[in-house]
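Dear colleague,

Please find below the structure that I am handing over to you, together with its sequence.

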Amino acid sequence: MIPKDWSHVYDQFFETVDLARSEGIEGDTLAQVKEALRVAMLQQVWSKLQEDYPELREWRFDISTRVTSALGYCYQRSKRVTVAYWVVSTSINHSIDTLLHEAAHALTDIRAQSHGDNWRYNAYRLGCKELRASCSDKSYWKRFAPAARKAR
Ligand SMILES: [Zn+2]
């Protein structure tokens with residue numbers, strides 16, 4: 001089984017950022033451009049996921065400012081996956097990886113272990129790169145957050 005490849009999405013992001021830089025856009029304006037691009041890229045990935053996995057068509061995706069101690073969340077009962085706003089404002093890689101991570105939860109039977117083999121299989125086939133981390137693992141989050149915030 002070949003995992004999904006999202007490199008075209010990353011290419012599109014970095015090419016557009018380069019273009020903005022070449023037009024003299026920098027500082028806060030560049031940060032705003034990047035953030036808007038990350039949102040657009042996430043919507044593009046989510047549309048593709050819904051197209052390829054009919055099970056996800058009854059699910060919603062959003063970006064949440066309320067999720068502050070995790071990268072994202074999967075609300076099984078209300079069929080909603082969310083990526084934390086602080087991730088979207090920080091990093092394209094973690095934004096997309098978090099969406100794939102949460103989408104894998106959505107595809108995994110609610111009775112299965114949360115980051116067990118079934119989830120891992122789904123995350124892998126969706127093209128999620130970070131299969132070890134938990135979306136609510138605060139030690140991972142604490143380790144990652146300060147560096148990511150600085151790198152933005
Ligand atoms: Zn998770």
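Which residue of β3 does Tyr73 stand opposite? The residue opposite Tyr73 in β3 is Thr82.

Two points on conventions come before the rest. The model is a predicted one, in which local features need pLDDT of at least 70 and side-chain atom pairs count only at pLDDT 80 or more, while totals for chains, interfaces and linings use all residues. Residue numbers start from 1 along each chain, as its sequence is written.

Overall organisation

The chain contains six helices and three strands, arranged along the sequence as α-α-β-β-β-α-α-α-α. Helices (H or I, at least four residues) and strands (E, at least two) are DSSP runs, numbered from the N terminus. Of the 152 residues, 33% are buried; a residue is buried if 20 or more other C-beta atoms lie within 10 Å of its own, exposed if 12 or fewer, and partly exposed in between, with C-beta atoms placed from the backbone. Two residues are in contact if their C-beta atoms, placed from the backbone, lie within 7 Å. Among contacts between residues at least 6 apart in sequence, 52% join residues at least 24 apart.

The sheet

The three strands form an open, mixed sheet in the order β1-β3-β2. β1 and β2 are at its edges, each with a single partner strand, so one side of each has no neighbour in the sheet. From one strand to the next, the twist averages 20°. Strands count as paired if DSSP finds at least two bridges between them. β1 and β3 run parallel and are joined by five bridges; Arg60 stands opposite Arg80, and Phe61 opposite Val81. Strand β2 (residues 72–75) runs antiparallel to β3, with four bridges between them, and Gly72 has Val83 as its bridge partner. β2 and β3 form a hairpin with four residues between them, and Lys79 in the turn has a positive phi of about 50°. One face of β2, Gly72 and Cys74, is covered, whereas the other, Tyr73 and Tyr75, is uncovered. In β3, four of the five residues are buried, so this strand is largely enclosed by the rest of the structure.

Beyond its neighbours within four places in sequence, Leu99 is in contact with Leu42, Val45, Trp46, Phe61 and Val83. Because 15 of its 16 residues are buried, α4 is largely enclosed by the rest of the structure. α4 lies across β1, β2 and β3, at about 155° to β3; axes are lines fitted to C-alpha atoms, for helices over the stretch in contact, and angles run from 0 to 180 degrees between N-to-C directions.

Helix α1

Helix α1 (residues 7–22) is hardly covered, with one buried residue among its 16. From first C-alpha to last, α1 reaches 22 Å, close to the 22 Å expected, the expected span being 1.5 Å times one less than the number of residues. Gly24, with a positive phi near 85°, follows α1.

Yours sincerely
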